[in-house]
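Hi,

Here is the structure I promised to pass on.

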Amino acid sequence: MIEVKGLRKSFTLGKRRKTRTVEAVRGVDLSVAEGEIFGFLGPNGAGKTTTARILCTLLEPDGGEAVIAGADLRKDPGAVRTKVGYVPQGGTTTDEVTAREELVLQARMYGIGKAEAVERTEKALAAFELTEFADRQCRTYSGGQRRRVDIAMGIIHEPKVLFLDEPTTGLDPQSRAHLWDEVRRLRDAGMTVFLTTHYLEEADALCDRIAIIDHGEIVAIGTPTELKHGVAGDVVTVGLNGSGPRAAELLDGRDYVRKLELGEDGLRLYVDDGTTAMPQIMRVLDAGEIHFDTVELHRPSLDDVFLIKTGRSLRDK
Amino acid sequence: MKFLRDTWLVFTRQMLLVWRTPARLVIGFVQPIAYLVLFAPLLKTALAPTGAQTYADAYRVYVPGLLVVLVLLSGFFAGFGLLGELRSGVIERSRVTPVSRTALILGRAFSEVVTLMGQAVVITVVALPFGLTVHFGWLMLAYVMLALMALMACALSYAMAMLIPSPAALGPLINSVSQPLSLLSGVLLPLSLAPGWLVAIAEWNPIYWTTNGTRSLFTGNPGDVSVWAGMLIVIALAALTVTWATRMFARQVR
């Protein structure tokens, strides 16, 4: 449904002589199958939004090719526009108009006739549980309601692919869960969903496949399970108060520690088998008279995948 | 056909927003009406050297100038609205649709023009009890001239906003363009009161011609050279600025 090869985009920032070029997207390749929820996971500034905006025809790429729902992005952006829907970060509902007016307008912008626009609006309002306040001005809506109007606008022309840029940023946990259900319903109805997120839980729980992007490059791609299995073994997290560096020194190089990351609040140790490694780690810390607050053993998370691929944690952001 | 439909779509949407935010409209009225009530009465005496004998004479000279200021200054500030909409993502939402790019900007410009003309009509009506009398046909022609001026100012402002997309820098730029343009056109007092050198400079200012043209229509001199010269000038300028703005917009937003 989406085939992307060697996509690049750079921006020139600053004015006159003080300009610098930022390579926002540097050679992204990806392929998204029909009817899947594809997640683009990465920290802020990683190039997620830029990629999504390029694929929706809002930005012209500097290089690379993309075919979306059979339409060539560079040769025929007009055809791409009719086949994709886009919900920008933060939304675009206007305070002074009603959800019904917003939806009818958006449908009409796609060239849909008035009667049909009204009909589709009615359906979309019902599908997103907006009928009840469809004739109230958007200023009176909650964040979750507004986001639902945004998504309803994004699919009013029944696109093949829906792009959601950070769809749940700023929503409370309940609205977030609600929105995840909406997205799953769209997928189950056959739509392909491409979403960007910097929430690990969201990528893990919602997405069928994930690409992890950092500094404009994809560092890993696969299903959440595949990615986590790529980090073999277990993770032992030791909560240390200040004595992290000394603990790292003592544990680094032990044969049962495959990799070790020192964070602000403790030490992460990637081990083959947590049940045998944990007692050994504790013995070493005891012998070194290092006081620790907590010890946790868990399966690798997407954050561990990110940490291993980029050397940084996504949670710190 | 699609282009006209799209322009209508954008236009009606913008008009809906104007309708829903009446505060903006009211603010637009306050200043011109204050001038009309508190400043214009001074003009009977001030304009006596030009032959004004009654309040009607004074208002016939002053009201058209006031309307020119209204459409020019308000039109020049349309660019701020466009910047706001570009930033908030409202325009982006339209850009992912196949809607005509030219319609996105023209529909907006037309809604500004219609709003300003609505204000112009109200100001004219408010001036009637003060003694303004004006020939209906010439008044309509004056409105056409004013509408074209509004369109020109609006398009110029859009183009400038896209050239300098920072509100902080756009304000001073607009002021530095609009102030000499309006001072050198005799909007407050006709430049027939001015010394020769000032008139000589003003003759290079297109707004001088359109202001005089509007004023001639209000005072019942439709045969005056400034009427047809002003009309030709404003048609040319409106065409030029609209072309510039739509080109800039199409290039900027893809």
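Starting with chain A, the secondary structure comes to 11 helices and 14 strands (both are DSSP runs numbered from the N terminus, with H or I over at least four residues for helices and E over at least two for strands). Bear in mind that this is a predicted model, where local features need pLDDT of at least 70, side-chain atom pairs count only at pLDDT 80 or more, and totals for chains, interfaces and linings use all residues. Residues are numbered from 1 along each chain as its sequence is written, while chains are lettered from A and ligands numbered from 1 in the order in which they are written.

The C-alpha trace of chain A spans about 80 × 45 × 40 Å along its principal axes. Of the 317 residues in chain A, 42% are buried (20 or more other C-beta atoms within 10 Å of a residue's own; 12 or fewer is exposed, in between is partly exposed, and C-beta atoms are placed from the backbone). Taking contacts in chain A with a separation of 6 or more, 68% are between residues 24 or more positions apart; a contact here is two C-beta atoms, placed from the backbone, within 7 Å.

The axes of H5(A) (residues 143-154) and H6(A) (residues 173-188) come within 10 Å and cross at roughly 20° (axes are lines fitted to C-alpha atoms, for helices over the stretch in contact, with angles from 0 to 180 degrees between N-to-C directions). That makes the pair roughly parallel (under 35 degrees; over 145 is roughly antiparallel, 65 to 115 roughly perpendicular, the rest oblique). On the H5(A) side, A:Gly143, A:Gly144, A:Arg147, A:Arg148 and A:Ile151 meet A:Ser175, A:His178, A:Leu179 and A:Glu182 of H6(A). The residues of this contact divide into 2 nonpolar, 4 polar and 3 charged (nonpolar is Ala, Val, Leu, Ile, Met, Phe, Trp, Tyr, Cys and Pro; charged is Asp, Glu, Lys and Arg; the others, Gly among them, are polar).

Chain B has a pair to set beside that. H2(B) (residues 22-38) and H7(B) (residues 101-127) pack at an angle of about 30° with their axes 11 Å apart, so they too are roughly parallel. Here B:Gly28, B:Phe29, B:Pro32, B:Ile33 and B:Leu36 in H2(B) meet B:Gln119, B:Val122, B:Ile123, B:Val126 and B:Ala127 in H7(B). That contact divides into 8 nonpolar, 2 polar and no charged residues.

Also in chain B, look at H11(B) (residues 206-218). Its 13 residues should span 18 Å at 1.5 Å a residue, and the end C-alpha atoms are 19 Å apart, which agrees (the expected span is 1.5 Å times one less than the number of residues). H11(B) is mostly covered, with 12 of its 13 residues buried; among them are B:Tyr208, B:Trp209 and B:Phe218. Those buried residues pack against H4 (55-76), H8 (136-163), H9 (167-183), H10 (196-202) and H12 (225-253) of chain B. Just after H11(B), B:Gly220 takes a positive phi of about 80°.

B:Gly81 sits in H5 (residues 78-88) of chain B. B:Gly81 is partly exposed, because 19 other C-beta atoms lie within 10 Å.

Finally, the contact between the chains: 19 residues come from chain A and 18 residues from chain B. On the chain A side, H2 (77-83) and H3 (99-109) each give two or more residues. That side divides into 8 nonpolar, 7 polar and 4 charged residues.

Cheers
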